Amino acid sequence: MAVAAYTGSFGTAQAERLLWRAGFGPRKGEAEALAQLGLDGAVRALTHPGAEKLVGPAPKDEKGNPLAPYDAWGHDHLWWLDRMVRTSRPLVERMTLVWHDWFATSNDGVGSQRLMLQQNQLFREHAVGSFPKLLRDVTRDPAMLLWLNGSDNSKWSPNENYAREMMELFTLGASRGYSEEDVRQQARALTGFRNDWRNGPTNFRYDPKAHDSGVKTIFRKRGAFAWPDALRLAVTHPDHPGFVVSKLWSYFIGAPLDAETQAGLAKIYMTSGRLVQPVLTAILKHPALYEGPKLVKPPAVFNAGLLRRLGRGIDTTAWSWVGAMAGQQLFYPPNVAGWDDTRWLDTATWRGRWYIAQYVLRPLTLDPAKATQPFDAQQLVGSAIAFWNDPPLSDATRAALLQFARAALGDANQWNRRPYAVMTQNALRHLIAVSPDLQAA
């Protein structure tokens, strides 16, 4: 049950894909530096990062004011997007996004940006650590207690919401290893969390008086189970390891997970004491990551990656509504199952991705009345690719860019050759950003 490891060449292209899958793409020179470490060194650098050192200017709005992530609409999205752009621990931040999708909680139901940001920090602290400890802290997290009615679940009025999703979405998978009776019994075990209301939810706590202390039968085991027992029974269920490693795999690799690899990853997970980091190490070294199909980048990843590539920080509030238009406003997943990755690119969200590229490029747009560019299609394409720090583009994309440049210049006459060359350069930069090569990696 050994898990295969990639043995091919590990150059800049492979390092760039790794940085997109395990982070938010490379800053200038990062892919080249990572490639020098080799596959083992590169993966270790990502899975064993040092202390966080945010790189670049602090985020601000259009007027230069600092963000107000607890209060202002959309500033929570901006705050987290800034972390993605400036992080020196990309895998930790990417796993924070994974857990946000895995334990999908929306501020539509919580109604507190402060509580959502507290949960976000919880995900960051547990990013590559113990899954049982993550589950423990998520279960008693105030945002989750509000979102899935955990603090409404009492012995007088059991609520099954969290019990069901804890098994279906978080630990076992839909209809795998549990019954409707298990849902009801788990709900009883999870009773006891409460909170007060004083101009909003406050004083979240566990109240033994609200807990059903009677005997329950869960997974054919009997006992006076309380909430820690409910979680323990789920993570020690025989179906749990396969579920966790399969779901983790799906976030990083587009190819299907075969039974042998699943068994090998599950063994790594169990022998490590249910730690996430060793499983991620094996996934990030797997041949399917480097030789398999590309994955479409989530909108927030696409947005952060373009900003990282150009060294631009958060300096506009537009990213919140543009992110929503592209299909991913952070802290607002569509439902408890998280975002549907199969819908990242469709006719509804494509316009948002176009706007992401437009807004990324806006401060760097060349003025056709002032700037100059060579009136040569080949040179214009080369300059536009260099502007984006030479991303790996397919021959088909390069050919399409060259064809576009020639057609654009062909419409010029002797009086407008200079502005046409400049406008063509601007357009080429935008087309590269929205090309299949930068939409997926």
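User: Let's start with helix 15: which of its residues are buried?

Analyst: Keep in mind that this is a predicted model. As a general idea, an α-helix has 3.6 residues a turn, so residues three or four places apart point the same way. In helix 15, the buried residues are Val-279, Leu-280, Thr-281, Ala-282, Ile-283 and Leu-284.

User: What covers the buried residues of helix 15?

Analyst: The cover includes helix 1 (12–21), helix 3 (38–47), helix 5 (90–102), helix 13 (240–252), helix 14 (259–271) and helix 16 (287–291).

User: How many residues of helix 10 are buried, and what do they pack against?

Analyst: Helix 10 (residues 161–171) is mostly covered too, with eight of eleven residues buried. Among them are Tyr-162, Glu-165, Met-166, Met-167 and Phe-170. The buried residues pack against helix 5, helix 8 (131–139), helix 9 (142–147), helix 11, helix 12 (227–235) and helix 13. After helix 10 comes Gly-173, with a positive phi near 105°.

User: How do I read the nonpolar core?

Analyst: In soluble globular proteins, nonpolar side chains tend to be buried together. Here, the largest nonpolar core has 129 residues, and those with the most contacts inside it are Met-95, Trp-99, Trp-102, Phe-103 and Phe-131.

User: What about loops? Is Thr-191 buried or exposed?

Analyst: Thr-191 sits in the loop between helix 11 (180–189) and strand 1 (193–197). Its relative accessible area is 0%, so Thr-191 counts as buried. Leaving out neighbours within four places in sequence, Thr-191 contacts Asn-153, Ser-154, Lys-155, Tyr-206, Ala-210, His-211 and Asp-212.

User: Now zoom out. How does the radius of gyration of the protein chain read against a compact globule?

Analyst: For 441 residues, a compact globule would come in near 22 Å, and the protein chain has 24 Å, which agrees. The C-alpha trace spans about 90 × 55 × 40 Å along its principal axes. The protein chain holds 23 helices and four strands, and 55% of its residues count as buried. As for contacts between residues at least 6 apart in sequence, 74% join residues at least 24 apart.

Conventions. Residues numbered from 1 in each chain as written. Predicted model: local features only at pLDDT ≥ 70, side-chain atom pairs only at ≥ 80, totals over all residues. Heavy atoms only, no water. Helix = DSSP H or I, 4+ residues; strand = E, 2+ residues; numbered from the N terminus. Rg over C-alpha atoms; globule rule 2.2 N^0.38 Å. Buried < 20%, exposed > 50% of the residue type's maximum accessible area, 1.4 Å probe, protein only. Contact = heavy atoms within 4.5 Å. Core = buried A, V, L, I, M, F, W, Y, C linked by side-chain atoms within 4.5 Å.
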